[in-house]
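I opened this notebook to keep track of what I looked up in one structure. The entries follow the order in which I went through the topics.

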Amino acid sequence: MKGFMIAADRSGSGKTTVTTGILRELARTGQNVAPFKCGPDYIDTLHHSRAAGRPAHNLDTVMLSEDQVREVFRVGAFGADICVAEGVMGFFDGIRPDGFYGSSHHVASVIGMPVVLVMNCASTSYSVAATLRGFQVMSDVPVAGVILNNVASGNHEKLLKEAIRMHTDIPVLGCVPRQGELIGSRHLGIKTAFEVDNRYMDRCADLVCEYIDMNRLKELTVDVVPIEKDVQAQDKVCYVAYDKAFNFYYEANFYELQKRGYSIKKFSPLADERVDGADMVYLGGGYPELYAEELAKCTGFLRSVSDFSESGKPVLAECGGMMALTKGIHTESGFCEMAGIFDAECRMMDKRQALGYVCAFNNDYEGLVGHEFHYSKLENVNENYFFNLEKLTNKKLTQDGFLKGKTYGGYAHFHFMSDPTILDIIMERQHG
């Protein structure tokens, strides 16, 4: 079927803007486009989902096996006319240099996807050809084209194209002039899709239409046979927190819950919605610190999730969701009380506290790979940590996660398809 990956030479080259624009343009011209994102990022997938009008899936070769990544891709591609994936960081940037494990290149190799590189051409000209040549030589997947971004002038464009034509056989599929910031950012990255309107998506699409050869992009293909979801009869319901404060989820996690017989019901903690009637509650990550004062007033939600936890039914809370289950969050404006299930407090910090893939283990479980990224830290902790964490890149050891009955909360995000899986840990545990 039709499909390709938009990758880049480095972070900040403009691949998210380009990918969002391509997705939006394909969708508004009647294409059923399936979006994907390499790696563990949640914010980009929210933008992709909104731009494309269908859920975006993460392709992560660190948390999942290569076969599992192929399964996610095939399920995500079902019913689509074309698949578009966005890479992560620079094309070869992963967790190890041997084979570039966990990189966009690794994912493209696993899926068999042609790659279009977005190159940030600010403050350079002929050297872009050398960079491209190096990418081409080192890649075992086809570099099908390049999009030149941050082009300063018509003369700059001429110099870039001339060098690329003389020293590579990679076609130039677009030249995008330097733009102002299209979307704001904050400590975890760009603003979420909840915080921008459709004008941003359309501006990205207009940019793509004007400067990128969409017809040549749509000619690129990936060799894949999509498959329909294989879900069980759903006789249980999982309440999933989903609003401006909680919206970081892997789409495939919902699929795994459906395979276990759960239907998905989204609810809004910020609207003070309760979890009455749930068989499981799933509180994902997000930005609860931005809405801490509002959340503290949502006593219906806070009390209901506390009562639900006490009843012995499973609760899974990741990062921001875990913060909501502590005694409270310290922000610049003061202390905001939360559900109090875990006897600990969170404090927002100016500097990032953790970023990267981790392996979670204890005396009973090992090899559970997750990802953490947060600016808050725990303090006044009167709970036993459930996991030891070893960062995959530098082997640094930390602790994370609390388990009370069948309620688990921790900073690390886990993929439910991994083996072992966090779902089995909380569901098989006896209450008490």
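**Entry 1: N149**

I started with N149, which lies in strand 6 (residues 143–151). The model is a predicted one, and I kept that in mind for every entry. Is N149 buried or exposed? Its relative accessibility is 10%, so N149 counts as buried, the cut-off being under 20%. Next I listed what N149 touches, leaving out residues up to four places away in sequence. The list is S13, G14, V118, M119, N120, C121, A122, V176 and P177. I also looked up N149 against P55: the two are 94 residues apart in sequence, and their C-alpha atoms are 27 Å apart in space.

**Entry 2: helix 1 and helix 2**

I turned to helix 1 (residues 15–28) and helix 2 (residues 43–52). Their axes come within 7 Å and cross at roughly 20°. An angle under 35 degrees counts as roughly parallel, and helix 1 and helix 2 are therefore roughly parallel to each other. I noted the crossing of these two helices as right-handed.

Which residues of helix 1 and helix 2 meet? From helix 1 I wrote down T16, T19, T20, L23, R24 and A27. From helix 2 they are D44, H47, H48, R50, A51 and A52. Sorted by class, this contact has four nonpolar, five polar and three charged residues.

I then looked at H48 by itself, a residue found in helix 2. H48 has 0% relative accessibility, so H48 counts as buried. Leaving out residues up to four places away in sequence, H48 touches T19, T20, L23, P35, F36, K37, R54, A56 and E86.

**Entry 3: helix 3 and helix 4**

How do helix 3 and helix 4 pack, and at what angle? Helix 3 covers residues 66–76 and helix 4 covers residues 104–111. The angle is about 75°, and the axes are 10 Å apart. Angles from 65 to 115 degrees count as roughly perpendicular, and helix 3 and helix 4 are therefore roughly perpendicular to each other.

In this contact, E66, V69, R70 and F73 of helix 3 meet H106, V110 and I111 of helix 4. By class, the residues divide into four nonpolar, one polar and two charged.

I stayed with helix 4 to see how covered it is. Seven of its eight residues are buried, so I recorded helix 4 as mostly covered. The buried ones are S104, H105, H106, V107, A108, V110 and I111. What do the buried residues of helix 4 pack against? The partners are strand 1 (2–8), strand 2 (33–38), strand 3 (57–59), helix 3, strand 5 (115–120) and helix 5 (127–138).

**Entry 4: aromatic pairs**

I counted rings whose centres lie within 6.5 Å of each other, and the count comes to 22 aromatic pairs. I looked at F92 and F100 among them: the ring centres are 4.7 Å apart and the planes are at 50°, so the pair is tilted. Both F92 and F100 are buried.

I then took F248 and Y287, a pair that is edge-to-face, with 5.7 Å centre to centre and 75° between the planes. This pair links distant parts of the chain, 39 residues apart. F248 is in strand 11 (residues 246–248), and Y287 is in the loop between strand 14 (285–286) and helix 10 (292–296). F248 has a relative accessible area of 5%, so F248 is buried. Y287, at 1% relative accessibility, also counts as buried.

I noted one aromatic cluster as well, formed by Y242, Y249, F254, Y282 and F416.

**Entry 5: backbone exceptions**

A reminder for this page: most residues other than glycine have a negative phi, and most peptide bonds are trans. I looked up the cases below with that in mind.

S123 is not a glycine, yet it has a positive phi of about 65°. S123 lies in the loop between strand 5 and helix 5. With a relative accessible area of 79%, S123 is exposed.

D272 also has a positive phi, near 60°. I found D272 in the loop between strand 12 (262–267) and strand 13 (280–283). At 31% relative accessibility, D272 counts as partly exposed.

Last, I checked the peptide bond from D419 to P420, which is cis, with omega near 5°. P420 lies in the loop between strand 26 (413–414) and helix 13 (422–427).

How values were computed: Residues numbered from 1 in each chain as written. Predicted model: local features only at pLDDT ≥ 70, side-chain atom pairs only at ≥ 80, totals over all residues. Heavy atoms only, no water. Axes fitted to C-alpha atoms, helices over the stretch in contact; angles between N-to-C directions. Helix = DSSP H or I, 4+ residues; strand = E, 2+ residues; numbered from the N terminus. Parallel < 35°, antiparallel > 145°, perpendicular 65-115°, else oblique. Left-handed = near helix turned anticlockwise from the far one by under 90°. Contact = heavy atoms within 4.5 Å. Nonpolar A, V, L, I, M, F, W, Y, C, P; charged D, E, K, R; others polar. Phe/Tyr/Trp six-rings, centres within 6.5 Å; stacked < 30°, edge-to-face > 60°. Buried < 20%, exposed > 50% of the residue type's maximum accessible area, 1.4 Å probe, protein only.
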